[in-house]
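Here's a quick briefing on the fold that follows.

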Amino acid sequence: MAGKTGGLREVNLELGRPFVDQAIKRLTFELHQSRRMGFDALKLIHGYGSSGTGGRIRTETRKYLQRLKNVGEVQDFIPGERFSIFEEPTRRAFSRCDALRRDRDLERYNNGVTFVIF
């Protein structure tokens with residue numbers, strides 16, 4: 001691919017109602033794909049647990065992202081419930097990916113999504 005595309009990509013980890021390990025494998029693949037394609041950020045839809053499966057996917061996704069952040073694989077991640085202009089990580093993410101300013105979940109405190117910043 002010639003040049004960086006930038007922007008925000010969205011992936012639904014709940015699609016097909018996968019088991020947690022399948023969702024994490026897909027997450028790993030989508031993180032690599034998004035980075036290779038040149039995106040600045042990735043929005044993950046993982047649900048919030050009302051069905052009983054989204055909660056585990058959300059929990060394990062965020063644990064995994066914390067490990068990746070600790071070793072420098074991702075710059076940051078923002079839980080949907082903290083995706084607000086009043087949160088410093090969100091404001092920092094705006095400078096990296098302007099498309100985040102227009103995301104429909106801004107200020108919605110949606111704990112069924114997480115934003116990954118590359």
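In which helix is the place of Ser34? Ser34 sits in helix H1, residues 20-36; helices here are DSSP runs of H or I with at least four residues, strands are E runs of at least two, and both are numbered from the N terminus. Keep in mind that this is a predicted model, where local features need pLDDT of at least 70 and side-chain atom pairs count only at pLDDT 80 or more, while totals for chains, interfaces and linings use all residues. Residues are numbered from 1 along each chain as its sequence is written, and side-chain values use heavy atoms, with hydrogens and water left out.

- Ser34 counts as buried because its relative accessibility is 0%. The cut-offs: buried is under 20% relative accessible area, exposed is over 50%, and partly exposed is in between, using a 1.4 Å probe and protein chains only.
- The Ser34 side chain reaches back to the backbone oxygen of Glu30, at 2.8 Å.
- Setting aside neighbours within four places in sequence, Ser34 is in contact with Arg9, Phe39, Leu42 and Phe118, where contact means heavy atoms within 4.5 Å.

**The sheet**
- Four strands make an open sheet in the order S1-S2-S4-S3, with mixed pairing; two strands pair if DSSP finds at least two bridges between them.
- Strand S1 (8-12) and S3 are the edge strands, each with a single partner, so one side of each has no neighbour in the sheet.
- On average, neighbouring strands of this sheet are turned by 20° against each other, direction ignored. Axes are lines fitted to C-alpha atoms, for helices over the stretch in contact, and angles run from 0 to 180 degrees between N-to-C directions.
- As background, strands of a sheet pair through backbone hydrogen bonds, either parallel or antiparallel.
- S3 (residues 76-79) and strand S4 (residues 113-117) run antiparallel and are joined by four bridges.
- Across that pairing, Phe77 stands opposite Val116, and Ile78 stands opposite Phe115.
- Along S3, Asp76 and Ile78 point one way while Phe77 and Pro79 point the other, and all are buried.

**Helices on the sheet**
- H1 lies across S1, strand S2 (41-45) and S4, and runs at about 165° to S1.
- Helix H3 (residues 88-96) packs on the sheet too, touching S3 and S4, with its direction at about 125° to that of S3.

**Val113 in S4**
- Val113 has its place in strand S4, and it counts as buried because its relative accessibility is 2%.
- Val113 and Ile45 are 68 residues apart in sequence, yet their C-alpha atoms are 4.6 Å apart in space.
- Not counting residues up to four places away in sequence, Val113 touches Lys43, Leu44, Ile45, His46, Arg62, Pro79, Gly80 and Asp105.

**Nonpolar cores**
- The largest nonpolar core has 17 residues, and Leu27, Leu31, Leu42, Leu44, Leu65 and Val116 touch the most other members. A core is a set of buried Ala, Val, Leu, Ile, Met, Phe, Trp, Tyr and Cys residues joined through side-chain atoms within 4.5 Å.
- H1, S2 and helix H2 (54-70) each supply at least two residues of this core, with H1 giving the most, five residues.
- Leu31, leaving out neighbours within four places in sequence, is in contact with Leu42, Tyr64, Leu65, Leu68, Val116 and Phe118.
- There's also a second, separate core of 12 residues, which includes Ile78, Ala93, Cys97 and Val113.

**The aromatic pair**
- The structure holds one aromatic pair. Rings of Phe, Tyr and Trp (its six-membered ring) pair if their centres lie within 6.5 Å; planes under 30 degrees apart count as stacked, over 60 as edge-to-face, and the rest as tilted.
- Phe83 and Phe115 are the partners, stacked at 4.0 Å centre to centre with 25° between the planes.
- The pair links distant parts of the chain: Phe83 is in the loop between S3 and H3, and Phe115 is in strand S4, 32 residues apart.
- Phe83 is buried at 0% relative accessible area, and Phe115 is buried at 0% as well.

**Positive phi in loops**
- Arg17, in the loop between S1 and H1, has a positive phi of about 50° although it is not a glycine. Arg17 counts as exposed, at 66% relative accessibility.
- Glu107, in the loop between H3 and S4, has a positive phi near 70°, again in a residue other than glycine. Glu107 is partly exposed, at 27% relative accessible area.

Terms used:
A polar contact is a pair of N or O atoms within 3.5 Å; within protein, one must be able to donate a hydrogen and the other to accept it, and residues adjacent in sequence count only if both atoms are side-chain atoms.
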